[in-house]
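Open the model in your viewer and keep the sequence panel beside it. The tour below goes from stop to stop, saying at each one what to select and what is there.

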Amino acid sequence: MPEPREIAERLLDAQVDFVLAEVSGDRFAEVVARDVESVLGVADTLVFRDIVEVDQAKQTVATIIDLIGGSPVLADMVGVFADSIYDHIANNNEYTLGQVVDREPVEALLEKIFGMHQAQERILDRLTESPLVATVASKFVDKLISDFMEANKQFAGKIPGVSSLISMGQSAAKSAKKATESTFIGDMAGKGAVFALKRTNNAIREMLRDAPVHDAAMEFWDLHADEPVSGLRDYLSQKDLNELVLLCYEIAVTTREKEYFGLLVEECVEVFFTKYGDYTLAAMLPELGLSGADITTEILRYGPAVIDGARRNGVLSKLIRERLEPFYTSEQVLAILGGE
């Protein structure tokens, strides 16, 4: 009669072989489909709110944002991704911009932006509060006038007698500009710039509300829609794109460290619980765009290669034995095998 320990060893070997067979070859697909169905059956009896607490979810989301958002892999790959995308765009003449991005959502987006009158009003009002913006606007207008006068001077030079009139006008304009350098007149000019900026803002308001800006923007889009995607490189150099992506990444990384961002994340978790807290775990899958078949497919996409590699180098068999051996060598099992 074999000793209880010997029987236990034989049973352990048999179960290790059984488990290995379950995860090998065609049998693995059957096991995965069976187990996924069983897990979803259990998940359909569990309500999300009963399994996960709000505070736990907040901590988990914060941890994910903190660890993944600042991971070395992401930091290293951001610039590499930007360069790779640029290289692909630069070499891709097979697709047009219109094939990649549909016209309808672009039109809806522009219509929404131009229709956001409250935001436009606020932005324009805040601009008038900045003396520096008024100064910039004043210099911009001054530049336009100067360029206009220069163009007229060149044109007038071709007409006898007119060039002298233009020269007189330029001389008067320079004298007026020099006069504004005094304290009093300069201050008045500054106030005039602010007034001019407000008038300009009113013109911008009217243009956005009445003029066919939306149609003009869509016409600009249509001009580019039939061009190859590679044409986008005309707007940015590879260096510009790389630096822009890295700057945006830096903004995202530094923003996630702020306390206010944490409050936003917590509020999002609260909203999620309000909407989905009473769903079962299985019922949430369709809301996420997933099904049991999707889960099975993804497991079978990567699982066989991982398991086959672990089985061939002996790691899988070793892990299974380590998990089962304490049970078979326990005093309770040995006693049962000994007939006690």
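Contact, in this tour, means heavy atoms within 4.5 Å, and helices (H or I, at least four residues) are DSSP runs numbered from the N terminus. This is a predicted model, in which local features need pLDDT of at least 70 and side-chain atom pairs count only at pLDDT 80 or more, while totals for chains, interfaces and linings use all residues. Residues are numbered from 1 along each chain as its sequence is written, and side-chain values use heavy atoms, with hydrogens and water left out.

**First stop: a pair of helices**

Select residues 72-91, which form helix α5, together with residues 238-255, which form helix α13. Two packed helices are described by the angle between their axes and the distance between the axes. Here the angle is about 150 degrees and the axes are 9 Å apart, where axes are lines fitted to C-alpha atoms over the stretch in contact, and angles run from 0 to 180 degrees between N-to-C directions. Now show the side chains where the two helices meet: L74, A75, V78, G79, A82, D83, Y86 and D87 come from α5, and Q238, L241, N242, V245, L246 and Y249 come from α13. By class, this contact has nine nonpolar, three polar and two charged residues; Ala, Val, Leu, Ile, Met, Phe, Trp, Tyr, Cys and Pro count as nonpolar, Asp, Glu, Lys and Arg as charged, and the others, Gly among them, as polar.

**Second stop: a loop residue**

Next select S230, which you will find in the loop between α12 (213-225) and α13. Is S230 buried or exposed? S230 counts as buried because its relative accessibility is 5%, and buried means under 20% relative accessible area, with a 1.4 Å probe and protein chains only. Not counting residues up to four places away in sequence, S230 touches I89, A90, N92 and N93.

**Third stop: the cavities**

A cavity is a set of points, on a 1 Å grid over the protein atoms alone, where a 1.4 Å probe fits but cannot get out, and its lining residues have an atom within 4 Å of a point. The whole structure holds two cavities of 30 Å³ or more, a volume being the space filled by probe spheres set on the points, which are joined across faces, edges and corners. For the largest, with a volume of about 50 Å³, select L97, H224, E227, P228, V229, G231, L232 and Y235. This lining divides into five nonpolar, two polar and one charged.

For the second largest cavity, of about 40 Å³, select H117, Q120, E121, L124, R205 and R209. Four residues of this lining come from α8, which gives the largest share, and by class the lining has one nonpolar, two polar and three charged residues.

**Last stop: a residue in helix α14**

Finally, select F273, whose place is in helix α14. F273 is buried, with a relative accessible area of 2%. Which residues is F273 in contact with, leaving aside its neighbours within four places in sequence? They are F48, R49, V52, E53, V54 and A57. To end the tour, draw a line between the C-alpha atoms of F273 and A57, which are separated by 9.3 Å although these residues are 216 residues apart along the chain.

Methods:
On a 1 Å grid over the protein atoms alone, a cavity is a set of points where a 1.4 Å probe fits but cannot get out, and a pocket is an open set with protein on both sides within 12 Å along at least five of seven lines; lining residues have an atom within 4 Å of a point. Buried means under 20% relative accessible area, exposed over 50%, partly exposed in between (1.4 Å probe, protein chains only).
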